[in-house]
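Here is a quick tour for anyone opening this entry for the first time. Have the 3D view ready and follow along.

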Amino acid sequence: MADPLAGPDPLTGRDPLTGRDPGYPAEQRDAVYRVIAERRDVRRGFRPDPVPADVLGRVLAAAHQAPSVGFSQPWDFIVITDRARRERIAALASRHRDEFAADLPGARARAFDALKVESILDTPVNIVVSCDRTRGGRHTLGRHVQPQTAEFSSVLAVANLWLAARAEGLGLGWVSFFDQRELAAELGLPAHLEVIAYLCLGYVTEFAPEPELATAGWARRRPVSWAVHAEEFGRRGLPGEEPVDPLADVIAAIAPPDAVAMTAAAERQDRMTKPRGSLGVLEEVSVRLAGLAGSCPPPLPEPACVAVFAADHGVHAQGVSPWPQEVTAQMVANFLAGGAVVNAFAAQAGAEVTVVDIGVAAPLEPVPGLLPRKIAPGTADFTAGPAMTRDQAMAALITGTEIARDLVAAGNRCLITGDMGIANTTASAALICAFTGADPAEATGRGTGIDAVTYARKIEVICRGLSRHQPDPADPVGVLAALGGFEHAGLAGFILCAAALRTPVILDGVIAGAAALAAAALAPDAVAACFAGHRSAEPGHAIALDHLGLRPLVDLGLRLGEGTGALLALPLVQSAARALRDVATFDSAGVSDKQ
Ligand SMILES: Cc1cc2nc3c(=O)[nH]c(=O)nc-3n(C[C@H](O)[C@H](O)[C@H](O)COP(=O)(O)O)c2cc1C
């Protein structure tokens, strides 16, 4: 029998008890993990020293050892050092950089201006990694069903190259601001090869500890626990830990505002070079932003992104809206084409527009800017049964949390609610009645504009829904399932997650108000993250805001939805934070205070 104290077998290195290969000795293993953790995309601080041929050879040999589909080794490496060629290539990249910049919303464009995205001329060597999809012939193992595995293989060669470069003390930056054909022509690539990566390589003075895009606030690192699922997508949890309940997790992360930061903000407002209280409601906004962020001054709420949650409603069948249901999908297409009011207001306020299909009846084509998250093609008619199942309500809530989380991870520091759904003022009024106890006759409005007969029917439909379901406000998921729309549940999740991430969320009109009531019923402290963008003409909205204790920032009789009213309030919220940051105090400016 093997002696457990004997240590690894001197010949095989195996553990004598288990027969397993023990892996590398600890310090070698640490070096592997170290190079993985410390590999960086480098754009700055390159030194002009040439890369010796033997070092370059080792790095390329490492790249060439990458795994490849069917062992097809589809890569080639084109090593570029000629200055004139690099200048021509840099000119190609800079044209596409400018085009990209011209497309960005305000705050993103300013942040992008400060970013360096290529170092083609700052590095002594550039390497192009290409892919030959035809290499290995017709019967390449594994490429038959998934032709894109050829490109995957070349990307793995890039990863090897990147890691080896780091271990050699070489910085490497990947540049993707190219038109494939332009670059291929410059490099004389045969037509059957495609460019996978353009890499800039050279010695550096130092490696940054974190991605430059994280340091610059462009995007954040997602925790590993968000990326690991147990058995099925959505059952998130790290090995050895219980799967997390995503909604419970978000709710548990919501905490009251930071009282110390709020006091500091209020005191600073009093010392700023202006009469005390002269910024009115904006002083309160700045104090709330500080409390939410836990710091005074709080970060500027930019970049900002409006998420337009779109869904259809079974209650439309009751004749509560003069608009046909197809308009929901048609307006989604309009948002994506940039032709709606939300697009105009977002462009003016410098915010990005994201559209979420959380339950549009019609199938929608995948296009950039649309998040396909359909729970079902519209809810059921709540006068005939529950609008959705409890599982669907939960799924929509969780979807909303994930969208908020991704938008914050993408660098947004302010979220804005938007919505689209023909008949959604009916579901909103029903939710507001359920959560506040309001009378349907008081909470119901004319939506897009309805005649007296339709208005009376709308109230009667809401009364029928309420009496059929007898919703219990202590069971917010049950209320959403009985009467809500998928956009309401999605927005409720969106608001909860914004609160958990201590990111301000500007609420639009009555649909957001109804969703915020659900969020507040699930986690009362979520209201601390909410800023009421405006007060809509829908009477139920004022009831919801009163119940939430929120004061609307704009009151212009708007009743459009889409996120429009909230977008108008965005500069107000941003100005409130900016004033707290930038305005001098009596002491610092040497201005005399009032006696
Ligand atoms: C496919 C791909 C394309 C990239 N293109 C660019 C680019 O054009 N410009 C740039 O500055 N960085 C580019 N990067 C680098 C990423 O921005 C960088 O990897 C990311 O911010 C994470 O930082 P890290 O690599 O330092 O961990 C690219 C990375 C990948 C994987």
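**The whole protein**

First, a word on where the coordinates come from: this is a predicted model. The protein has 595 residues, and 49% of them are buried. Taken along the principal axes, the box filled by the C-alpha atoms is roughly 85 × 70 × 60 Å. The accessible surface comes to about 27200 Å², and carbon and sulfur atoms hold 56% of that. Now take the contacts in the protein with a separation of 6 or more: 77% of those are between residues 24 or more positions apart.

**Around the ligand**

Let's move to the ligand. The shell around it has 13 residues, and R39, R40, D41, W174 and S176 come nearest. Sorted by class, that shell is made of seven nonpolar, one polar and five charged residues.

| Residue and its atom | Ligand atom | Distance |
|---|---|---|
| D41, backbone N or O | oxygen | 2.7 Å |
| R43, side-chain N or O | oxygen | 2.9 Å |
| W174, backbone N or O | nitrogen | 3.2 Å |

On its own, the ligand has 620 Å² of accessible area, and the protein covers 72% of this.

In soluble globular proteins, nonpolar side chains tend to be buried together. How many residues does the largest nonpolar core have here? It has 78, and L397, F494, L496 and V505 are the ones with the most contacts inside it. Pick V505 and look at what surrounds it. Leaving aside neighbours within four places in sequence, V505 is in contact with L415, T417, F494, I495, A498, A529, C530 and F531. There is also a second, separate core, this one of 33 residues, with V355, L553, V554 and V573 among them.

Next, go to the loop between β10 (530–532) and α21 (539–548), where you will find H534. Is H534 buried or exposed? Its relative accessible area is 3%, so it counts as buried. Beyond its neighbours within four places in sequence, the contacts of H534 include L507, D508, G509, H541 and L545. L553 and V554 touch H534 too, and both of these belong to the second core.

G540 counts as buried because its relative accessibility is 0%. Which residues is G540 in contact with, once neighbours within four places in sequence are left aside? They are I432, E442, A443 and V510. T444 is worth a look as well: G540 and T444 are 96 residues apart in sequence, yet their C-alpha atoms are 6.0 Å apart in space.

**T140 in its loop**

T140 sits in the loop between β2 (125–132) and α5 (149–167). With 6% relative accessibility, T140 is under the 20% cut-off and therefore counts as buried. A polar atom of the T140 side chain lies 3.1 Å from the backbone oxygen of G136. Setting aside neighbours within four places in sequence, T140 is in contact with V69, G70, S72 and R135.

Most residues other than glycine have a negative phi, and most peptide bonds are trans. Here are some spots that go the other way.

Start with the peptide bonds. The one from C296 to P297 is cis, with omega near 0 degrees. The bond from E302 to P303 is cis as well, again with omega near 0 degrees. Where is P297? It lies in the loop between α11 (281–293) and β5 (304–311), and P303 is placed in the loop between α11 and β5 too.

Then there is phi. F71 is not a glycine, but its phi is positive, at about 55 degrees. You can find F71 in the loop between α2 (53–64) and β1 (75–80). Its relative accessibility is 63%, which means that F71 counts as exposed. R502 also has a positive phi, near 50 degrees. The loop between α19 (486–500) and β9 (505–507) holds R502. At 26% relative accessibility, R502 counts as partly exposed.

Key. Residues are numbered from 1 along each chain as its sequence is written. This is a predicted model: local features need pLDDT of at least 70, side-chain atom pairs count only at pLDDT 80 or more; totals for chains, interfaces and linings use all residues. Side-chain values use heavy atoms; hydrogens and water are left out. A residue is near a molecule or strand if one of its heavy atoms lies within 4 Å of it. A polar contact is a pair of N or O atoms within 3.5 Å; within protein, one must be able to donate a hydrogen and the other to accept it, and residues adjacent in sequence count only if both atoms are side-chain atoms. Accessible areas come from the Shrake-Rupley method with a 1.4 Å probe; for residues, only the protein chains shown count as cover. Ala, Val, Leu, Ile, Met, Phe, Trp, Tyr, Cys and Pro count as nonpolar, Asp, Glu, Lys and Arg as charged, and the others, Gly among them, as polar. A nonpolar core is a set of buried Ala, Val, Leu, Ile, Met, Phe, Trp, Tyr and Cys residues joined through side-chain atoms within 4.5 Å. Buried means under 20% relative accessible area, exposed over 50%, partly exposed in between (1.4 Å probe, protein chains only). Contact means heavy atoms within 4.5 Å. Helices (H or I, at least four residues) and strands (E, at least two) are DSSP runs, numbered from the N terminus.
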